[in-house]
Amino acid sequence: MLSVLARIIDIAAVVSGALAAAFLLRGRFVQLNDAEMVLLAFNCLLVIWMFPALGIYRSWRGKRLLDLFARVVFAWLVVEAVGVLVVFSVHRADSLSRLWLGWWAVASVVLLIVSKTLVYTVLKGLRREGYNQRAVAVAGDEQYGRFLIEQMRSHPEAGFRPVLLFDEDAPPRGLPLAELDDVPVERDLHALIARVRSGGIRELWLAMPISKERTIHRIVMDLRDEFVNIRFIPDMRSLSLISQPVVDLIGVPAINLAASPITDLRVLPKLVFDRLFAAAVLLALSPLLIAIALAVKLSSPGPVFFKQRRKGLDGNEFEIYKFRSMKVHAETAGQITQARRNDPRITRVGAFLRRTSLDELPQFINVLKGEMSVVGPRPHAIQHDEIYKDLVRGYMQRYRIKPGITGWAQVNGFRGETDRVEKMRDRVRFDLHYMQNWSFALDLKIVAMTMWKGFAGQNAY
C-alpha cells in the first residue's frame with residue numbers, strides 16, 4: 001500500500017514539475033504541446049518502471065535521508081535522459097523547448113525531494129508514537145544485544161522494536177525464558193526458528209562474531225524460505241577508530257581498518273574548494289600579507305617566514321609556512337620547545353600575530369600547493385609526533401588525510417599549547433570524530449564556525 005502511494009506521489013511530482021516549468025517559462029498556465037505531452041506520459045511510465053529498479057521504493061527506515069535524495073536525483077535524471085533520447089530517435093525533438101526540459105528537470109527534482117521529505121517526516125513521527133514498527137529479534141551475546149536494544153529504543157523514529165534476544169551462551173536462570181531490559185531472552189535455537197516462522201518477527205539481526213559461523217549458517221538456511229529480513233550486524237565497536245563501510249576491492253568486499261577514510265569521488269568538491277578558497281584568500285588579503293611581512297621584518301632580525309618540516313597525507317613530509325613570530329634562536333638538536341604564555345622568544349609583533357592566528361595565513365600557500373587542506377587535523381612538529389604516537393591512541397591516524405589550517409578540534413576550543421597528554425588526547429579525539437564523520441558540508445560548517453568565532457582564542461599565545 002505504501003509503495004503504491006509512493007508511486008502516485010512521484011507521478012504527481014513529475015506532472016506538477018512539467019506544468020510548473022511551462023508556467024515559469026511562459027508566464028501563465030498553458031497546455032503542453034503534443035511532443036511535451038508524449039514525453040511527459042513516457043517519463044511517467046519510466047518512473048513506474050525505473051524508480052523501483054533503482055531502489056527508490058525499498059525501505060529507508062534507519063538510513064540517511066541524504067542517501068535517498070541522491071538516489072532520487074540520479075533516478076530522475078536517468079529517466080529524463082532516456083525520455084529525451086527516445087524523442088530524438090523519433091525525430092520529434094524540434095517540438096521540444098530546451099529551456100522547458102531544463103526547468104522541468106529542476107522543478108521535478110525539487111518536488112520529488114520535498115515530497116520525500118514530507119513522507120519521511122510523517123513516517124518518523126508515526127514511528128515515534130509507536131506506529132509502523134517492525135518487530136526485531138537479535139541473535140547475539142548479552143552485552144552487544146543490550147547495546148542494540150538501547151539503540152533501537154533511543155531511535156524510535158527508525159521504526160524498529162526489539163521483541164526477542166537469542167543468546168545460546170546465556171546461562172540458565174531457573175526459568176524457561178529470562179529477560180533483558182524487558183526483552184525475552186531465548187537460549188534454544190529451535191525456539192528462535194519457530195518464533196520467527198510464526199510470522200510475528202519481521203527482522204532478524206545476527207549480532208554474532210565470525211566464530212559463530214556454524215550457527216549463522218544454520219539460521220540463514222533454516223529461514224531461507226521465510227519472508228523475514230536477516231541482517232548480519234557484527235560487533236564493530238572495538239574497531240571504532242575509523243569506522244568505514246564495506247568497499248569493493250577487486251570484486252571482494254573489504255572493510256578498511258587502517259586506510260584513508262576520504263578516498264572516493266566525494267573528496268572532489270573538497271579538492272576544488274581548497275584550491276579556489278586558498279587562491280581567493282591569498283589574492284584578497286595580499287595587501288595585509290605584505291603589511292605583516294614588513295612588520296615581521298622590522299620587528300627583529302631574521303627571515304619573514306618560519307619554515308618547519310611536518311607530516312602530511314600518509315606521513316609524507318612537507319615544509320609548512322608561517323609568519324615568523326619569534327626571535328631567531330637555536331633549538332637543541334631533536335627537540336622542539338612549544339611556545340608558552342609570556343614566552344621571551346616571542347616578539348611584540350609575533351605575540352599579536354599568534355594571538356589572532358594571522359601567523360598561519362601563509363599556510364594557504366601550502367593549500368595551493370596541495371600539501372594541506374583548508375579543513376583537517378592540525379599538523380604537529382615531527383618531534384612531537386614521535387612522542388605522542390605512543391601515548392595517545394589513534395594519534396598517527398590523523399595523517400590518513402591532509403592536515404588543515406583549521407579543524408573540528410580547533411573550532412571546539414582545542415588549540416594552542418598541548419603541555420599535557422590529556423590535552424593532546426582530547427584534540428585527537430575531535431580529529432578522529434571529524435575523520436569518521438567527514439562530509440563536504442561538515443567542512444563548510446567548520447569554515448563558517450572559524451570565521452564566526454574568529455581565529456583568536458585564550459589558548460593562542
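In which helix does Glu-80 lie? Glu-80 lies in helix H3, residues 65-89. Helices here are DSSP runs of H or I with at least four residues, strands are runs of E with at least two, and both are numbered from the N terminus. Glu-80 is buried, because its relative accessible area is 7%. Buried means under 20% relative accessible area, exposed means over 50%, and partly exposed lies in between, with a 1.4 Å probe and protein chains only. Leaving aside residues up to four places away in sequence, Glu-80 touches Asn-43, Leu-101, Trp-104 and Ala-105. Contact means heavy atoms within 4.5 Å.

A word on the model. It is predicted: local features need pLDDT of at least 70, side-chain atom pairs count only at pLDDT 80 or more, and totals for chains, interfaces and linings use all residues. Residues are numbered from 1 along each chain as its sequence is written, and side-chain values use heavy atoms, with hydrogens and water left out.

Now the whole chain. The protein chain has 15 helices and 12 strands. Of its 461 residues, 41% count as buried. Among contacts with a separation of 6 or more, 70% come from residues 24 or more positions apart. The accessible surface comes to about 25300 Å². Carbon and sulfur atoms hold 62% of that surface. Accessible areas come from the Shrake-Rupley method with a 1.4 Å probe, and for residues only the protein chains shown count as cover.

Next, the charged pairs. The whole structure holds 14 salt bridges. A salt bridge is a side-chain nitrogen of Lys or Arg within 4 Å of a carboxyl oxygen of Asp or Glu. Lys-116 and Asp-10 form one of them, at 3.0 Å from N to O. This pair links distant parts of the chain: Lys-116 sits in helix H4, Asp-10 in helix H1, and they are 106 residues apart. Lys-116 and Asp-10 are buried.

Lys-270 forms a salt bridge with Asp-443, with the closest N and O atoms 2.6 Å apart. Again the pair links distant parts of the chain, from Lys-270 in helix H8 to Asp-443 in helix H15 (residues 440-453), 173 residues apart. Both partners, Lys-270 and Asp-443, are buried.

Glu-386 and Lys-389 also form a salt bridge, with 3.2 Å between the closest N and O atoms. Glu-386 is partly exposed because its relative accessible area is 40%. Lys-389 has a relative accessible area of 36%, so it is partly exposed. Elsewhere, salt bridges that share partners join Arg-134, Glu-203 and Arg-231 into one network.

Helix H8 brings us to a helix pair. Helix H8 (residues 268-284) packs against helix H9 (residues 286-299) at an angle of about 65°, and their axes are 4 Å apart. Axes are lines fitted to C-alpha atoms, for helices over the stretch in contact, and angles run from 0 to 180 degrees between N-to-C directions. H8 contributes Leu-282, Leu-283 and Ala-284 to the contact, and H9 contributes Ser-286, Pro-287 and Leu-289. By class, this contact has five nonpolar residues, one polar and no charged.

Last, the surface. Phe-23, Leu-24, Leu-99 and Trp-103 form a nonpolar patch there, with about 400 Å² of accessible area together. Helix H1 (2-26) and helix H4 (98-128) are the elements that give two or more residues to the patch. Leu-99 lies in helix H4. Leu-99 counts as exposed because its relative accessibility is 55%. Such patches take residues with over 30% relative accessible area and no salt bridge, joining like charges within 9 Å and nonpolar side chains (Val, Leu, Ile, Met, Phe, Trp, Tyr) within 5 Å.

Methods: Nonpolar A, V, L, I, M, F, W, Y, C, P; charged D, E, K, R; others polar.
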